[in-house]
Each structure stands twice: as structure tokens, then as C-alpha cells.
Amino acid sequence: MAANGALKMATTSQAYLVGDKVKETKSLIAELCRHFYNQGWVSGTGGSITIKVHDESVPKSEQLIVMSPSGVQKERMVDEDMYIMASDGSILSAPVAKPTPHKPPKCSDCAPLFMKAYQMRNAGAVIHSHGMESCLVTMLNPLAKEFRITHMEMIKGIQGHGYYDELVVPIIENTAYERELTESLAEAIKAYPKTTAVLVRNHGIYVWGDSWISAKTQSECYHYLFDAAIKLHQLGIDWTTPAHGPIQNSKISALAPNGSIKPSRRCIVLDIEGTTTPISFVTDVLFPYARDNVRRHLDATYDSAETQQDIKLLRAQVQQDLENGVAGAVCIPADDAGKMEVIAALVANVEAMIKADRKITALKELQGHIWQTGFQNNELEGLVFDDVPAALEKWTALGIKVYIYSSGSRLAQRLLFGHTKHGDLTKFLYGFFDTTVGNKRETKSYAEITASLGVDNPSEILFVTDVYQEATAAKAAGLEVIISIRPGNGPLPENHGFRTVRSFSEI
């Protein structure tokens with residue numbers, strides 16, 4: 001406690017406030033605001049930026065904050081115009097007033113919102129833009145609570161996202177005064193743990209990152225994607241679908257079994273084993289390939305960051321297994337025991353996990369990386385039932401979004417659907433869920449998926465699986481459920497109560 005107090009006194013001392021690190025941050029904000037002005041993000045005195053004073057000797061949560069003022073010409077700001085604040089948002093240093101026609105200095109109206117990003121996401125910098133595209137994109141659909149886009153290269157510039165992922169940015173409603181947005185922004189940050197931005201309808205966007213570089217990079221990518229969506233909308237092209245086909249204006253409705261109209265189905269979530277793909281392909285092709293090649297893979301890639309992360313996950317899982325007395329678990333020696341000894345123990349554990357068909361993230365991540373090599377070397381080819389490609393294409397044309405939820409890793413899912421005799425089927429898929437979202441036999445997993453898909457009602461999601469326990473869990477979460485009957489699938493309980501299909505053409 002005494003150390004923290006001494007650190008706070010040191011960072012708030014006059015010597016520190018006028019020191020090089022604070023000066024550099026002030027200059028950086030002035031420079032970035034000139035750049036953002038040229039981008040059209042901070043014109044008319046709008047928009048703002050704040051950056052934490054980077055100092056490796058100070059914990060990030062305790063670092064000082066430099067913030068641009070409100071109501072000034074952002075492209076003409078100089079270092080002396082900036083506010084310096086403590087980590088709790090209290091002002092430590094304010095700029096000196098300038099003569100008329102300049103207004104008296106005032107800290108950014110965005111300050112309370114900036115502090116939410118600092119406190120809730122441990123951000124290193126936050127940018128508030130009034131860029132035209134960030135305003136217009138919220139007006140394309142006045143009722144939408146989210147902006148969604150997928151299969152665009154610039155999505156890769158957003159933290160935690162890849163090309164195949166669906167980028168989701170929450171939209172909150174504008175208010176007359178900036179500070180009145182604080183609570184709704186905080187609610188959006190809490191409701192969307194993966195997001196690094198919040199759009200404000202008819203207003204602009206708040207973007208944060210671990211550093212000013214991350215915040216700037218992501219802001220540029222967000223504005224690019226918003227601009228692309230606006231232009232695609234003008235062309236009548238749907239930016240929310242992998243295929244980017246024509247925008248579907250008609251509402252798709254389905255008939256209930258009794259012939260009455262029921263609400264539109266917006267999303268379909270598919271299981272893989274026994275649903276899109278024969279169980280035998282997984283058990284007789286993929287699992288043996290992973291088992292037979294685990295030693296070769298670990299030996300060839302042992303020092304890579306990817307494999308070291310896989311080993312870290314396996315160590316944690318095996319330690320847990322040993323504590324719980326799981327059969328087949330073998331202690332993995334420390335790294336200093338030597339590469340071959342570590343690999344031998346890893347192989348023994350992985351073989352036992354595969355034999356037991358365990359649905360655990362540590363195993364699935366490693367299997368995915370092994371299979372990646374197999375698909376890249378044309379030693380593996382994905383297999384789906386013959387009715388699957390046509391169904392995926394039909395659903396996409398109807399404007400229905402299709403997702404995959406499997407115990408296999410997201411990488412493994414993409415590999416399977418991306419390398420089939422029918423070509424690359426990932427163009428029909430909006431996203432992939434794996435066990436990081438939760439166990440497939442637990443209701444909370446489907447509640448999490450529902451929240452991620454942003455539907456108004458869980459019943460707008462159809463889940464198709466071959467496993468009764470998964471169907472029961474999904475139904476308990478409010479999803480519509482169909483059980484897939486395929487050759488090689490296990491038996492179902494009598495009077496299970498679910499609709500069944502033998503082909504996707506029946507859906």
C-alpha cells in the first residue's frame with residue numbers, strides 16, 4: 001500500500017508532469033489530431049482522443065492520462081492545450097486560457113466515456129471519431145442494434161478477428177449531451193466482451209486499444225469497413241453474408257407443422273459429426289490421422305509459438321486430469337527434461353484423450369493444427385453429405401445465416417468445410433463456435449450463442465444435431481431444434497419429442 005502511495009506521488013509530482021514522457025504523449029495527441037482532421041474524423045471541433053502516458057515503471061492501471069480539450073480546432077492544437085489526468089480521471093493539470101476569440105479551456109466532453117474504456121477494458125488509448133462513414137453506417141437500418149460484416153480483408157485489423165469471422169459492433173442511441181451516453185456505452189462494453197468499439201447512431205464511434213497504435217489501426221479498419229458497407233449498400237450487395245450476394249429485401253417466413261405462419265428463421269446452427277458429416281469420417285479418418293501424426297507434428301513444430309501454446313494448454317489439462325484421477329493421464333516433465341521426453345509424455349496423453357473421445361479444448365486445438373498440415377499437404381479432404389452444399393447455398397440465398405457449432409476447434413471446422421470435393425463451402429458460413437463457448441450438452445452454451453448472434457428471440461435460431469442431449473440443452477435455451485438421422489448415428493430415446501430429418505433438403 002505504501003509502495004502504491006509513493007508511486008502515485010511520484011507520477012503526480014510537478015517534475016513528472018513536465019517530464020519527457022508526458023511531453024511526448026501531448027505532442028503525439030496533437031500530431032494524431034492533425035492526421036485525424038485530414039481524415040475527416042475531428043472536423044468542426046468534434047471528436048477527441050486520449051492516450052495513457054506509457055511508462056514501463058508504472059502499472060498500466062496507474063499510468064497518467066493525457067486528453068484533448070473540448071470545443072477547439074483539433075488540427076491547430078499544440079502540446080499546451082492538453083489536459084493531464086490521474087488514473088481515476090481527476091484533473092492534475094489544465095491548459096492556460098487563451099485570449100479572445102478562443103473559448104475558455106474545457107476538458108473533453110468525452111472524458112466520462114473514455115474512462116469507461118480505461119476502467120472496463122484496461123485500454124491504453126481511446127479515439128472518438130465523427131467520421132462521416134461511422135455516422136451513416138448506423139442509419140442504413142434505423143432499428144439495428146448492431147453493425148455486422150464478414151469476409152472482408154480489413155476485418156483482420158480488428159483485435160481478435162480474422163477474415164472468416166463476423167465482426168459485430170454494438171450501436172447505442174445518441175443523446176443531446178455526450179456525457180449522457182456514458183451508461184449506455186458501459187452497458188454495450190459489458191454486453192459485447194469481444195468488441196473494441198461502440199457506434200453511436202447519427203453521431204460517430206468510440207474505439208479503444210491496448211496502445212495508441214492499436215487504437216489508431218483499428219479505427220482506420222473500422223472506418224474502411226463502414227465505408228465499404230455503405231458503398232456495397234448503394235450497389236445492392238449484402239456485406240453481412242460470406243458470398244456478398246444481392247441484398248434480400250423479402251422477409252422469409254416458414255410454415256409450422258400445422259400450416260400456420262411462424263416467425264422468420266434468421267439463423268441455422270449446425271453440428272458436424274452425424275449432421276453435416278458422417279461420424280465415420282471423424283472416427284476413421286481425422287482421429288487416426290491426428291493420432292498417427294502427433295509425434296511428427298510436435299517434433300517438427302516444437303519451438304513454434306503455436307505449438308508452445310498447444311503444449312501449455314495440454315500441460316494445464318493433464319495436471320487437472322492427474323488431480324482428478326483420469327485414466328491415461330501421464331505426468332508431463334518440465335522443459336529442462338529435454339524435448340524428446342516432453343514429446344513422449346505429450347503423445348501418451350494425446351493418444352489416451354483421442355481413445356476416450358474427449359471433448360476438451362486442449363486436445364481439439366492440437367488436433368486442428370495437425371489436421372491443418374494434412375489439408376495443406378492434400379493428405380486430407382473434407383467430407384460432407386451430398387445434400388449439404390445445396391442446402392447451404394439455398395439458405396444463404398434466402399438470407400438465412402448459417403453457423404457451425406462443434407466440439408472440434410474453429411480452425412478444424414474451417415479446414416473441413418474449406419477443402420471438400422464440392423469446393424470451399426466456408427463462403428456459405430457466417431461463423432464457427434467451438435467448446436470455448438461451452439460444453440455442447442449445457443444449456444448456457446446455447447444461451448451464449450444466442451447472445452452472440454444478436455437475435456431478438458432464441459426461437460429464431462434453428463439448431464440441427466444428431467445428439468439427444470445437445471438437442472435437449474438447446475431446446476431448454478429456447479432454440480428450435482431438429483435431430484439429424486444419418487447412417488452410422490447412434491440410437492435415440494423412444495418418444496424423444498423432436499422433429500427429425502434424414503436430409504437437409506427436408507429443412
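Trainee: Which helix gives the largest share of the lining of the second largest pocket?
Mentor: H14, with four residues. This is a predicted model, where local features need pLDDT of at least 70 and side-chain atom pairs 80 or more, while totals for chains, interfaces and linings use all residues. Residues count from 1 along each chain as its sequence is written, and side-chain values use heavy atoms, without hydrogens and water.

Trainee: What makes a pocket?
Mentor: An open set of points on a 1 Å grid where a 1.4 Å probe fits, with protein on both sides within 12 Å along at least five of seven lines; lining residues have an atom within 4 Å of a point.

Trainee: Which elements each supply at least two lining residues?
Mentor: Strands S7 (166-172) and S14 (431-433), plus helices H11 (361-376), H13 (410-418) and H14 (443-453). Helices (H or I, at least four residues) and strands (E, at least two) are DSSP runs.

Trainee: Switching to S6. Why is strand S6 called largely enclosed?
Mentor: Five of its five residues, 146-150, are buried, so the rest of the structure largely encloses S6. Buried means under 20% relative accessible area, exposed over 50%, partly exposed in between (1.4 Å probe, protein chains only).

Trainee: Which way do the S6 residues point?
Mentor: Glu-146, Arg-148 and Thr-150 go one way. Phe-147 and Ile-149 go the other way.

Trainee: How many bridges join S6 and S7?
Mentor: Five, in the antiparallel sense. Pairing takes at least two DSSP bridges. In that pair, Phe-147 stands opposite Val-169 of S7.

Trainee: Where does Glu-153 sit?
Mentor: In the loop between S6 and S7. Glu-153 is partly exposed, at 48% relative accessibility. An unreviewed UniProt entry puts the feature "active site" there.

Key: UniProt positions are given in the numbering used here, feature names are shortened, and annotations may be inferred rather than shown by experiment.
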